[in-house]
Amino acid sequence: MEEPGGCGSEAQRERVLSVEEWLRKWSAGATAFHKEHGHPLLQKHLDLLVDGRSGLRIFFPLCGKAVDMKWLADMGHSIVGVDVSEQALKEFFADQGLPYREEPVPGISGAKKLQSTSGNICLYCCSIYDLSSAIVGKFDGVWDRGALVAVNPCDRQRYVTLMSSLMEKNSSYLLVTVLYDPTKYNGPPFYVPESEVKSLFGNQCEIKCLQKVSDFSERHKQWGLDYFLEAVYLIKFVASLKSV
């Protein structure tokens, strides 16, 4: 399936969703993007993210209540996530049967940190743009599914600059984007072509498209689409990067 030209992508360029709109999606249960049994692309390509290493710090941006966080924590990795929805984060701990403690985050007004009592899962309730390496440290790996494709298109460079500042040297980043005809649906999730992935990350990273797979469902048909693909990339941060 060929990716549409630049005009379709430009149709979404000015699209903006507020934090309140995302919170309403969670409160209304409009979260069909949530995968109850984990994401098959993470399961398939996990070895490329982990690369034979143990005890990694892995970041889940805009994590929602992704069950994959528990899956990776059970393998011995340390998980950090962030989401604006306190409901989603509390549902994660409830769904997984994990006790947790809650505390404020020094330096971020109104933010909360929800940490499993075992200590290996730490979820921040705040805007991702409030985070910095001084607050959350740096990461060996990232699973970005539903994050880059959810941030407002005008904020993508800001998002990638932040993510770059949070990555350890020689870290690995698994990114999932979505491909469809953006002249037929306005998002989210937003259409992000391979050319844009390369322009956003390319100066400091090695980028490889691992797979494109159809995720087309009745929901996408109702959006007016006739195809919907997920593309997964392995992005390697090969040099030390400056903090923002």
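Modeller: Gladly, and let us begin with helix 7. Its buried residues are covered by, among others, strand 1 (57–61), helix 6 (133–136), strand 6, strand 7, helix 8 and strand 9. This is a predicted model, in which local features need pLDDT of at least 70 and side-chain atom pairs count only at pLDDT 80 or more, while totals for chains, interfaces and linings use all residues. Residues are numbered from 1 along each chain as its sequence is written, and side-chain values use heavy atoms, with hydrogens and water left out.

Colleague: What makes something a helix or a strand here?

Modeller: Both are DSSP runs, numbered from the N terminus: a helix is H or I with at least four residues, and a strand is E with at least two. The protein chain has 9 helices and 9 strands.

Colleague: Why is helix 7 called largely enclosed?

Modeller: Buried means under 20% relative accessible area, exposed means over 50%, and partly exposed lies in between (1.4 Å probe, protein chains only). In helix 7, 7 of the 10 residues are buried, so the rest of the structure largely encloses this helix. Those buried residues are Arg156, Tyr159, Val160, Leu162, Met163, Ser164 and Ser165. Over the protein chain, buried residues make up 50% of the 244.

Colleague: Why is Ser116 called buried?

Modeller: The relative accessible area of Ser116 is 2%, and the cut-off is under 20%, so the word buried applies. Ser116 is found in strand 4 (residues 112–116). Leaving aside neighbours within four places in sequence, Ser116 is in contact (heavy atoms within 4.5 Å) with Phe93, Pro99, Tyr100, Arg101 and Ile121.

Colleague: What makes a group of residues a nonpolar core?

Modeller: A nonpolar core is a set of buried Ala, Val, Leu, Ile, Met, Phe, Trp, Tyr and Cys residues joined through side-chain atoms within 4.5 Å. The largest one has 44 residues, and Phe59, Tyr124, Leu131, Leu148, Tyr159, Tyr173 and Phe201 touch the most other members. Elements that each supply at least two residues of this core include strand 2 (78–83), strand 5 (121–125), helix 7 (156–165) and strand 7 (167–179). Apart from it lies another core, of 27 residues, among them Leu42, Leu174, Val176 and Val232. In soluble globular proteins, nonpolar side chains tend to be buried together.

Colleague: Which residues does Tyr173 touch, leaving aside its neighbours within four places in sequence?

Modeller: Its contacts include Leu49, Val142, Tyr159, Phe201 and Phe237.

Colleague: How do you know that the radius of gyration agrees with a compact globule?

Modeller: The radius is taken over C-alpha atoms, and the globule rule is 2.2 Å times the number of residues to the power 0.38. For 244 residues a compact globule would be near 18 Å, and the protein chain has 17 Å, which agrees. The C-alpha atoms fill a box of roughly 45 × 40 × 35 Å along the principal axes.

Colleague: Where are the cis peptide bonds that join Gly187, Pro188 and Pro189?

Modeller: One joins Gly187 and Pro188, with omega about -5°, and another joins Pro188 and Pro189, with omega about 0°. Pro188 lies in the loop between strand 7 and helix 8, and Pro189 is found in the loop between strand 7 and helix 8 as well.
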